[in-house]
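Please take the sequence and the model together and work through some questions on the fold.

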Amino acid sequence: NVSPVDLVPTIQAAMETVQLAAQAKSINLRLTILDSGLDNVGVNREFTACNEQVGNLSNIKTPIQVWGDPNRLQQVIWNLLSNAVKFTDVGGRVDIQWERLDCFAQIKVSDTGKGIHPDFLPHVFDYFRQEDGATTRKFGGLGLGLAIVRHLVELHGGTIQAESPGEGQGATFTVRLPLMPHPSLQNLDHQQSEPPLNLQGMKILVVDDDTDTREFLTFLLEQQYEANVTAVTSALEAISTLTQYRPDVLVSDIGMPEMDGYMLLRQVRALPPEQGGQIPAIALTAYAGEIDHQQAMAAGFQRHVSKLIEPEVLVKVIADLVQQVGV
């Protein structure tokens, strides 16, 4: 769903989402904007462990826009920032630099973190590839985040590259996106577009043991679609939260330790209606085959969504399901 996108507010929104995680590790998170519209004067926005210093962004004369999907571009920046914070040690630094270069907008995300081994650097954007492939690795995930980032950037006609001097020496990811070629594109008539989905005020309980997924879903549903989200890390925590929070819909991962999503839903469906036993429920899984769909339905889920999360698809599934059951 393309439209003119001003990247500066998009970057700032992503920074605000990872701010708490950065503060918890005393990581200095800083944005620098370099643009001819500022008479070549940099503008800084800095988040430290204890306070926030905000540069004067009003000096920007006109927003520099790209032509793209705002949700997808926000997903790209959020993923790069989230990774940078995750792989940077306590007291480190993450720098974001926005710059206009000829007909491109360039975004650099640099960190002082664990870096990338030279042998792995050519594979950093490959699907299901992780530098540490052991089952006991410190950092979890499916190895999909950077692959999806590259795919989305390339769909926008852009490029992304990774650089790192080596292990323990940090990393830099550089995204280049083509600027809008004609100012007239800003005035395109979008009246025939479908109205944007809105989950305003809807109470959603998200259950996932993966930190990145929880943070992304919370960010997506709250910031983009105005829902009220409570995110928990386990099925046991979800059951105790369900009766207190009384959410309108449950979105749960399937693969979780101790009690998986199927077991969770069976216990939920055994509850009386007044305790949430009939809550509309959506299963999230890394596998999207027909057998997985049937298993989710048999456990009590009404919908089944692949964990290669398409934001608009997930939001539409939530909206349609809630409307269907009349919440």
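Reader: What should I know about the model, and how many helices and strands does the protein have?
Author: This is a predicted model, in which local features need pLDDT of at least 70, side-chain atom pairs count only at pLDDT 80 or more, and totals for chains, interfaces and linings use all residues. Residues are numbered from 1 along each chain as its sequence is written, and side-chain values use heavy atoms, with hydrogens and water left out. Helices (H or I, at least four residues) and strands (E, at least two) are DSSP runs, numbered from the N terminus. On that basis the protein has eight helices and 14 strands.

Reader: What percentage of the residues count as buried?
Author: Buried means under 20% relative accessible area, exposed over 50%, and partly exposed in between (1.4 Å probe, protein chains only). Of the 327 residues of the protein, the share that counts as buried is 48%.

Reader: Which residue of strand 12 is the bridge partner of V206?
Author: Strand 10 (residues 203-207) and strand 12 (residues 249-253) run parallel and are joined by four bridges. In strand 12, the partner of V206 is V251.

Reader: Which residue takes a positive phi in the hairpin of strand 6 and strand 7?
Author: Strand 6 (residues 93-101) is joined to strand 2 (residues 28-34) by seven bridges, and these two run parallel. With strand 7 (residues 104-111), strand 6 pairs in the antiparallel sense over eight bridges; Q97 has K108 as its bridge partner there. The hairpin has two residues between the strands, and the residue with a positive phi, near 55 degrees, is D102.

Reader: Why does helix 6 count as roughly parallel to helix 7?
Author: Axes are lines fitted to C-alpha atoms, for helices over the stretch in contact, and angles run from 0 to 180 degrees between N-to-C directions. Angles under 35 degrees count as roughly parallel, over 145 as roughly antiparallel, 65 to 115 as roughly perpendicular and the rest as oblique. Helix 6 (residues 261-269) and helix 7 (residues 290-299) have axes 8 Å apart and pack at an angle of about 25 degrees. That angle makes the pair roughly parallel.

Reader: Which backbone nitrogen does the side chain of H156 reach?
Author: H156 sits in the loop between helix 3 (145-155) and strand 8 (159-163), and H156 is buried at a relative accessible area of 15%. A polar atom of its side chain lies 2.8 Å from the backbone oxygen of L152. At 3.0 Å, the side chain of H156 also reaches the backbone nitrogen of D69.

Reader: How many Å apart in space are D212 and S82, C-alpha to C-alpha?
Author: D212 lies in helix 4 (residues 211-224) and is buried, with a relative accessible area of 18%. Leaving aside neighbours within four places in sequence, D212 is in contact (heavy atoms within 4.5 Å) with W78, S82, N83 and K86. D212 and S82 are 130 residues apart in sequence, while their C-alpha separation in space is 7.6 Å.

Technical notes: A polar contact is a pair of N or O atoms within 3.5 Å; within protein, one must be able to donate a hydrogen and the other to accept it, and residues adjacent in sequence count only if both atoms are side-chain atoms. Two strands pair if DSSP finds at least two bridges between them.
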